[in-house]
Amino acid sequence: MTTADMRPTGVRPVASPSSVGLVAVIVAATEGEPRALTVQVPGQAEGRSDGLPAGPLVPEHATLERGLRAWVERQTHQRLGYVEQLYTFGDRDRQVGGSEGVHSLSVAYLALVREVRPGGLAEASWRNWYRYLPYEDFRNGRPQALDAIEPKLLAWAAEAPDAKLRRLREDRLGLTFGLGGGSWNEERVLERYELLFEAGLIPEAGGNAGAAVPGDPTGMPMAFDHRRVLATAIGRMRGKIKYRPVVFELMPPTFTLFQLQRTVEALAGTQLHKQNFRRLVAQQGLVEETEGVTSGNAGRPARLVRFRREVLLERPAPGLRLTPSRRPG
């Protein structure tokens, strides 16, 4: 990705001596589904026009974060609340505008919003993030996508030119995809994506010219390396909800425990045991009841609760230790 390539749609190019780009993974949870805000990026290979809000750092941006917020608001009309720096992407083959010897960095941020608002421009839209990484969603059992992906990964390992490299590849398959007796760790989203990249099983392995493949079990590719950035954000979220109450940044002011569980399941990509989840929330003191109840139009009325912000002062790591109702397999 280059700073020239990351110009927002419909915005006049901005001259900048900087080789730093800014990219945002903006996450919301609506009706129990995790969504990322995307924009349409022109000039991409077939099927790869979905991208993340992004733009170059220019002199009028006082800080990286202010620059990011400015680009996001200009491209999507979305004003950001919670923002944290995610990662800096600076692979050796990144160049500014194709110029030899000018290295490009992309500083990625994770932003959480409480509700899905209209994207703003016609090119901006909210997408379920499992559209891009379908093999990460175990909420309804083992994803069918893995039935197609795993044989190709095993074949890639078997094709190694020597026994040492073959064992190394097999070990990595066990660590990331749980193959050969390994276990699935929901936080290793980036490692799984990068292994698929190395094995040549995703279009991005062919560079920016790699076109989408209809029915690809690995999911829809994105512009540039934006799917890699998204995978990094998902892994960060899955780890962070275990020790920080960031999930409440996605919830409305009041909500039911069922809504909270569905949101956590959506982020983690797994199904949780209902009673264990409610017991954990109660033991952690994360929420408190309100006087409100749901209307009961879709069933029995349920008590509305809200996040207890006092918990942030009571202990250093007020997160959710997830207990899946069944192990991925």
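The crossing of α3 and α4 is left-handed, a term used when the near helix is turned anticlockwise from the far one by less than a right angle. The model is predicted, with local features needing pLDDT of at least 70, side-chain atom pairs counting only at pLDDT 80 or more, and totals for chains, interfaces and linings using all residues. Residues are numbered from 1 along each chain as its sequence is written, and side-chain values use heavy atoms, leaving out hydrogens and water.

Helices α3 (residues 163–177) and α4 (residues 189–198) pack at about 145 degrees, their axes 9 Å apart; axes are lines fitted to C-alpha atoms over the stretch in contact, and angles run from 0 to 180 degrees between N-to-C directions. From α3, Arg172, Leu173, Thr176 and Phe177 meet Glu191, Arg192, Leu195, Leu196 and Glu198 of α4, contact meaning heavy atoms within 4.5 Å.

On to the partner helix α2. Helix α2 (residues 145–158) packs against α3 at about 155 degrees, with the axes 8 Å apart. This makes α2 roughly antiparallel to α3 (angles over 145 degrees). Leu146, Ile149, Glu150, Leu153, Leu154, Trp156, Ala157 and Ala158 of α2 make the contact with Arg166, Arg169, Glu170, Arg172, Leu173 and Phe177 of α3.

The protein as a whole has 8 helices and 9 strands, taken as DSSP runs (H or I, at least four residues, for helices; E, at least two, for strands) and numbered from the N terminus. Of its 329 residues, 49% are buried, that is, under 20% relative accessible area with a 1.4 Å probe, protein chains only.

Notes. Buried < 20%, exposed > 50% of the residue type's maximum accessible area, 1.4 Å probe, protein only. Parallel < 35°, antiparallel > 145°, perpendicular 65-115°, else oblique.
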